[in-house]
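Colleague: Can you walk me through this model? I'd like to go through it piece by piece.

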Amino acid sequence: MGKVVTVRSVTSNQIDIYKNLEAVVRKYAATTFLRPVADHTRGAFEKASEFVRSFYGSTGRLDLVLDSGCGTGESTIHLARKFPNVPVIGIDKSAVRLSKAGNERQLEVSAGASCDVPANAFWVRAELLDFWRLALEKVNAGEWNILHHALYYPNPWPKESEATRRFHLHPIFPVLMRLSPVTELRTNWEIYAREYKEAARIAGDCLSLNVSVECAAFSPENPETAFERKYQTAGQELYRTLVRVCP
């Protein structure tokens with residue numbers, strides 16, 4: 001018999017949206033995150049930039065998709081198939097997880113689906129916060145247009161004392177909001193999804209961005225990450241928050 005894997009749901013001493021959410025989001029919307037960028041991330045970013053340039057064989061404003069926290073790269077494969085004509089960059093800080101990117105054993109996504117790695121998929125090891133800041137420089141310079149930003153199953157930091165480690169309660173959030181016109185967050189913790197929605201609304205107001213946000217439970221027909229497949233198989237509710245920044 002196969003090993004039975006128990007999947008624990010998120011447990012937290014926090015029972016609703018973080019009580020200081022608005023104050024924290026407004027505080028960081030008025031500041032700039034200035035931590036030095038790690039050298040290894042600068043190197044990884046250059047590799048990603050070169051892949052994007054080589055994909056198009058030209059310069060100018062180039063479209064791409066980001067898959068942040070891509071883990072073993074399964075979600076990057078799915079996104080590369082959804083966006084076949086643009087480069088899709090999978091980013092993760094774990095060398096171990098990324099060593100499995102493109103490995104067919106990790107890409108058993110659905111019956112009959114091909115496990116071939118699309119030519120537009122590319123992975124780099126980098127710190128997300130640093131990569132995002134470098135990417136925003138490209139966006140602001142008119143060199144990159146990030147069509148879609150996938151943020152699938154980030155660490156929820158469920159303890160209330162850890163709340164400010166969540167992306168939407170961190171100084172990096174203004175960068176994240178400006179990075180792409182479409183950010184798609186997926187999580188198995190409803191509070192995280194609702195917090196992200198509220199934080200995006202508040203940050204949009206502070207940053208003078210025209211923002212619309214949707215947040216709802218969803219049930220994917222074809223799970224796009226190992227997390228998603230695991231949670232769905234265990235009968236856990238999944239949630240999606242979709243943030244659109246309009247011109």
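Colleague: Is W157 buried, exposed or partly exposed?

Modeller: W157 is partly exposed, with a relative accessible area of 23%. Buried means under 20% relative accessible area, exposed means over 50%, and partly exposed is in between, with a 1.4 Å probe and protein chains only. Bear in mind that this is a predicted model: local features need pLDDT of at least 70, side-chain atom pairs count only at pLDDT 80 or more, and totals for chains, interfaces and linings use all residues. Residues are numbered from 1 along each chain as its sequence is written, and side-chain values use heavy atoms, with hydrogens and water left out.

Colleague: Where does W157 sit?

Modeller: In the loop between β4 and α6. Helices (H or I, at least four residues) and strands (E, at least two) are DSSP runs, numbered from the N terminus. W157 has a positive phi of about 40°, although it is not a glycine. Most residues other than glycine have a negative phi.

Colleague: Which residue has a positive phi of about 60° although it is not a glycine?

Modeller: S208. That residue lies in the loop between α7 and β6. S208 counts as exposed, at 68% relative accessibility.

Colleague: OK, the sheet. What is the strand order?

Modeller: The order is β3-β2-β1-β4-β5-β7-β6. Those 7 strands form an open sheet with mixed pairing. Two strands pair if DSSP finds at least two bridges between them.

Colleague: Which strands stand at the edges?

Modeller: β3 (121-125) and β6 (210-218). Each has a single partner strand, so one side of each is left without a neighbour in the sheet. Neighbouring strands are turned by 20° against each other on average, direction ignored. Axes here are lines fitted to C-alpha atoms, for helices over the stretch in contact, and angles run from 0 to 180 degrees between N-to-C directions.

Colleague: How many bridges pair β6 with β7?

Modeller: 9 bridges, in the antiparallel sense. V211 has V245 of β7 as its bridge partner, and F218 stands opposite L238 in β7. β5 also runs antiparallel to β7, joined by 6 bridges. There, E184 has L242 as its bridge partner in β7.

Colleague: In which sense do β1 and β2 pair, parallel or antiparallel?

Modeller: Parallel, over 4 bridges. D67 stands opposite G90 in β2.

Colleague: How many residues of β2 are buried?

Modeller: 5 of the 5, so β2 is largely enclosed by the rest of the structure. V88, G90 and D92 are on one side, and I89 and I91 are on the other.

Colleague: Which strands does α2 lie across?

Modeller: Helix α2 (residues 39-56) lies across β1 (62-68), β2 (88-92), β3 and β4 (144-152). It runs at about 165° to β3. Helix α5 (residues 128-140) also packs on the sheet, touching β1, β2, β3 and β4. The direction of α5 makes about 155° with that of β4. Contact means heavy atoms within 4.5 Å.

Colleague: Now α7. How many residues does it have?

Modeller: Helix α7 (residues 190-206) has 17. From first C-alpha to last, α7 reaches 24 Å, close to the 24 Å expected at 1.5 Å a residue. That expected span is 1.5 Å times one less than the number of residues.

Colleague: What do its buried residues pack against?

Modeller: α1 (21-29), β4, α6 (173-179), β5 (182-187), β6 and β7. Y192, Y196 and I202 are among the buried residues of α7.

Colleague: Which residues does L176 touch?

Modeller: W132, H149, L151, F167, T183 and Y196, not counting residues up to four places away in sequence. L176 is found in helix α6. It is buried, with a relative accessible area of 1%.

Colleague: Last topic, the largest pocket. How much space lies in it?

Modeller: About 1,200 Å³. A pocket, on a 1 Å grid over the protein atoms alone, is an open set of points where a 1.4 Å probe fits, with protein on both sides within 12 Å along at least five of seven lines. Lining residues have an atom within 4 Å of a point. Grid points are joined across faces, edges and corners, and the volume is the space filled by probe spheres set on the points.
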